[in-house]
Structure formats: C-alpha cells, structure tokens
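Please open the model in your viewer and keep the sequence beside it. The tour moves from the whole chain to single residues.

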Amino acid sequence: MAETEEAVIQAADRRAAARAERRAARLAKQITAFARSHGGGAEGQIAYIGEVGTRIVLVGENGEWGDLVAPTYDIARSAVERSGITLHESFDGDLAAKVRTGRYEWSRMAGIQIGGPANT
C-alpha cells in the first residue's frame, strides 16, 4: 500500500512540474514577443504580490511597459531566464527612468490628486 501511495505522489509531482514548465515556457514566449515588439529588447523586475503570484514588470527598449503575472516566483524567474531579458533586483531609478508614460498613465495614476478624472 505504501508503494502505491508513493507512486501516486510521485506521479502528481511530475504532473505539477510539467505544468510549471509549460507555464514558464508560455510566459517566456510572451516576454520575448513583448521585447520584439517594443524595440527588440526589454528589461524586467520580478515582485512577489502575495497569494496571487509574482508580477513580472517589463520595460521595452522604446520605453513602453507592461506586466505579466506568474503563479509562483520560481515560474516567473524561469520565464525571465528563458527569455534572456536583463533582470533587475528592484524597480530602481535607472529602470524607472526608462519608462515612457503617456496621458493615460498620468490621468489614472495621479489624476485624482491633480484634478484628473475620478477613479470610479
């Protein structure tokens, strides 16, 4: 009986590892596509956001930015490594200075404080 339980656990672990591998590959493909469509390269930063998962913030060569959410930090890290983008430990001044914001970001992020549209 113990051998059967062990085999079931091992099979479940293999399925979970395969699922994580597929998720990392999909995210890496999305990161690569983002980099390609925003100047040919990108930089990123990984941040744990709680039970939801881990956020991958991307900044393209042209200053456009976006983000993706991975279910775990390990999957996010694997996806970033596969994509080959430059990874920053934090979203510091150097990385933030590369972000190009537009009218939308100004109205949504600071609009309430400076008389922009209400956040409703």
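A residue is called buried at under 20% relative accessible area, exposed at over 50% and partly exposed in between, using a 1.4 Å probe and protein chains only. By this rule, 30% of the 120 residues of the chain are buried. This is a predicted model, in which local features need pLDDT of at least 70 and side-chain atom pairs count only at pLDDT 80 or more, while totals for chains, interfaces and linings use all residues. Residues are numbered from 1 along each chain as its sequence is written, and side-chain values use heavy atoms, without hydrogens and water.

Colour the chain by secondary structure. Helices (DSSP H or I, at least four residues) and strands (E, at least two) are numbered from the N terminus. From that end, the order is α-β-β-β-α-β-α-α.

Next, select Leu27, Ile31, Ile56, Leu58, Leu68, Val80 and Ile85. Within the largest nonpolar core, which has 17 residues, these touch the most other members. Such a core is a set of buried Ala, Val, Leu, Ile, Met, Phe, Trp, Tyr and Cys residues joined through side-chain atoms within 4.5 Å. The helix α1 contributes the most to this core, six residues.

Now centre on Leu58. Which residues does Leu58 touch, leaving aside those up to four places away in sequence? Among them are Ile31, Phe34, Trp65, Leu68 and Ile85, where contact means heavy atoms within 4.5 Å.

Finally, show β2 and β3. These strands run antiparallel and are joined by six bridges; strands pair if DSSP finds at least two bridges between them. Arg55 has Val69 in β3 as its bridge partner. On β3, Gly66, Leu68 and Ala70 form the covered face, whereas Trp65, Asp67 and Val69 form the uncovered one.
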